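Please read these comments alongside the coordinates.

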Amino acid sequence: MSKNILLICGSGASSGFMAANMRKAAKKAGLDYKIQARSEAELGEYADEIDALMVGPHLKAEFDAIKSEVPDKVKVILMKPDYYSILDGKAAIEDLKEQLEN
């Protein structure tokens, strides 16, 4: 089953690279994930269409506010700085998959 995943960071720039790396890793792992990156300001336009929202670690202080902007069915995940800082798509996909299964 396909999952729609949205990544947000402040401007959408670093999450754009992260999303590209995650798409490659998901494809390699045989996972049907549609992964997009947007800026935080655009979240409202996509909130109803997504299964999971991954938030850049630098938005930790706003995490609860961001969580309240999406429907309850959406799994909201704070990305870990260790993989986000090096844009490790494989580690991010592993974290995402684990959180979606719990």
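The points below take the helix, its faces and then the sheet, all in a predicted model.

1. Length of α1. Helix α1 covers residues 13-28, 16 residues in all.

2. Buried side of α1. The buried residues here are S15, M18, A19, M22, A25 and A26. Because their arc around the axis is only 130°, they sit on the same side of α1. Their packing partners are the strands β1 (3-9), β2 (33-39) and β3 (52-55), together with the helices α4 (81-84) and α5 (89-101).

3. On the face of α1 turned away from the buried side, F17, K24, K27 and K28 are exposed. After α1 comes G30, which has a positive phi, near 75°.

4. Sheet order. The sheet is open and has 4 strands, ordered β2-β1-β3-β4 with parallel pairing. Strands β2 and β4 (75-78) are at the edges; each has a single partner strand, and therefore one side of each lacks a neighbour in the sheet. From one strand to the next, the twist averages 20°.

5. Pairing of β1 with β3. These two strands run parallel and are joined by 4 bridges. Within the sheet, I5 is opposite A52 of β3.

6. Helix on sheet. α1 packs on the sheet and touches β1, β2 and β3. What angle does the direction of α1 make with that of β2? The value is about 175°.

Note on methods:
Residues numbered from 1 in each chain as written. Predicted model: local features only at pLDDT ≥ 70, side-chain atom pairs only at ≥ 80, totals over all residues. Heavy atoms only, no water. Expected span 1.5 Å × (residues − 1). Buried < 20%, exposed > 50% of the residue type's maximum accessible area, 1.4 Å probe, protein only. Arc of directions from axis to C-beta. Contact = heavy atoms within 4.5 Å. Pairing = 2+ DSSP bridges. Axes fitted to C-alpha atoms, helices over the stretch in contact; angles between N-to-C directions.
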